[in-house]
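Q: I have the sequence and the model open on my screen, and I'd like to talk through a few spots with you. Could you take my questions one at a time?

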Amino acid sequence: MSDYFEPVSILSLSRSLGLQDVDLETLRRWFFGLAQWAINFECDPERQNIADAVSAEITQAVTPIMERLIAEPDDSALSHMLHDGMPEGSVRAVDFLLPTFKVLLLGGMQEPGHGAGSIMAGLLQNPSQFSEVKADLTTLLPRADDEGLRWVTPIGTQTRETTQEVEIAGVTIPAGQAVAAVLASASHCESRFTNPGRFDIHRSEGAHAAFGFGHHFCAGRWFARQQITVALRSLIENQPEMALRDRGPVQFTGWEFRAPVALDVSFDR
Ligand code: HEM
């Protein structure tokens, strides 16, 4: 995970955004720091402090990059966010864009790598499906991608606050209540998926919930699918004999952010 999928995920997004000069370890630290806020369900002030410090560091590092792009636009996503659709001679304010930019860093840098690792785990643990995918990467790899994202949903919840009293499945939730919709559970709902714990690239039971629902449906879903497909395709084409070493089942970790701890593989038989 840390040797291949995390770097591919972090660097492909950061380079597309326009953060050419920020090194991998800094980006990794930023993601893990911001994540302390996202997983802070217990409202631990120490976690919040870590996230606040990283958030301030990002503001300090990214503001000069944005200021340069205001004067010298280029093809980066950050440059487009500043300039596109604005009246001649004006740009979006840096302070206006920074919060969105931090959401991109938090949600976008790590999850494609996590997702790709889970998909790879599903394939490696099911060698006959892996053989089918290797024989038809164009058709079956995208199917494996979606099945892996359903099987181990990288982001566990969508959290919200109710604006009014609401009844769901006979339960009344008062106004102003924090709620978490558990995407991982929705992707395993028995009313839709037969034997939901099984990794099966031939499922035809409809969409999963990994990218969320509603107004905040993942803005990076097409980019993420491309990152995952390119990363997996390149790995599989270069290492077709890859297999799990016989050291027990793949271990997964995390609840709000879930992924294999590591993939212990050999590259030739
Ligand atoms: C497999 C990879 C990914 C997964 C599983 C994932 C999942 C999600 C989920 C569940 C949400 C909804 C959160 C909520 O409603 O509270 C979300 C939102 C979002 N995602 Fe992703 N994401 C992935 C990759 C990416 C990437 C690569 C980017 C950026 C290029 C990205 C950018 C965003 C943004 C900006 C939002 C917020 C959209 C809004 O608030 O309108 N995501 N993502």
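Q: How are helix 5 and helix 9 set to each other, parallel or oblique?
A: In this predicted model, helix 5 (residues 94-125) packs against helix 9 (residues 221-238) at an angle of about 45°, and their axes are 9 Å apart. The two helices are therefore oblique to each other; angles under 35 degrees count as roughly parallel, over 145 as roughly antiparallel, 65 to 115 as roughly perpendicular and the rest as oblique. Axes here are lines fitted to C-alpha atoms, for helices over the stretch in contact, with angles running from 0 to 180 degrees between N-to-C directions. Helices (H or I, at least four residues) and strands (E, at least two) are DSSP runs, numbered from the N terminus.

Q: Fine. Which residues of helix 5 and helix 9 meet?
A: From helix 5 they are Pro112, Ala116, Ile119, Met120 and Leu123, and from helix 9 Ala224, Gln227, Ile228, Leu232, Leu235 and Ile236, where contact means heavy atoms within 4.5 Å. By class, this contact has 10 nonpolar residues, one polar and no charged (Ala, Val, Leu, Ile, Met, Phe, Trp, Tyr, Cys and Pro count as nonpolar, Asp, Glu, Lys and Arg as charged, and the others, Gly among them, as polar).

Q: And helix 6, how do the axes of helix 5 and helix 6 cross?
A: The axes of helix 5 and helix 6 (residues 127-135) cross at roughly 110° and come within 5 Å, which makes helix 5 roughly perpendicular to helix 6. Met120, Leu123, Leu124 and Gln125 of helix 5 meet Pro127, Gln129, Phe130 and Val133 of helix 6, and the residues of that contact divide into six nonpolar, two polar and no charged.

Q: Switching topic: is Arg28 buried or exposed?
A: Arg28, which lies in helix 2 (residues 24-38), counts as buried at 13% relative accessibility; buried means under 20% relative accessible area, exposed over 50%, and partly exposed in between (1.4 Å probe, protein chains only).

Q: What does Arg28 touch?
A: Not counting residues up to four places away in sequence, Arg28 touches Ser2, Glu6 and Ile10. Ser2 sits in the segment before helix 1 (5-17) and is partly exposed, with a relative accessible area of 42%. Leaving aside its neighbours within four places in sequence, Ser2 is in contact with Pro7 as well as Arg28. The C-alpha atoms of Ser2 and Leu263 are separated by 9.5 Å, although these residues are 261 residues apart along the chain.

Q: How many disulfides are there?
A: A search of the whole structure finds zero disulfides, a disulfide being a pair of cysteine sulfur atoms within 2.5 Å. As for individual cysteines, Cys189 is partly exposed, with a relative accessible area of 30%, Cys218 is also partly exposed at 26%, and Cys43 counts as exposed at 62% relative accessibility.

Q: Where is Cys43, and what is its phi?
A: Cys43 is in the loop between helix 2 and helix 3 (45-71), and its phi is near 55°, a positive value in a residue other than glycine.

Key: Residues numbered from 1 in each chain as written. Predicted model: local features only at pLDDT ≥ 70, side-chain atom pairs only at ≥ 80, totals over all residues. Heavy atoms only, no water.
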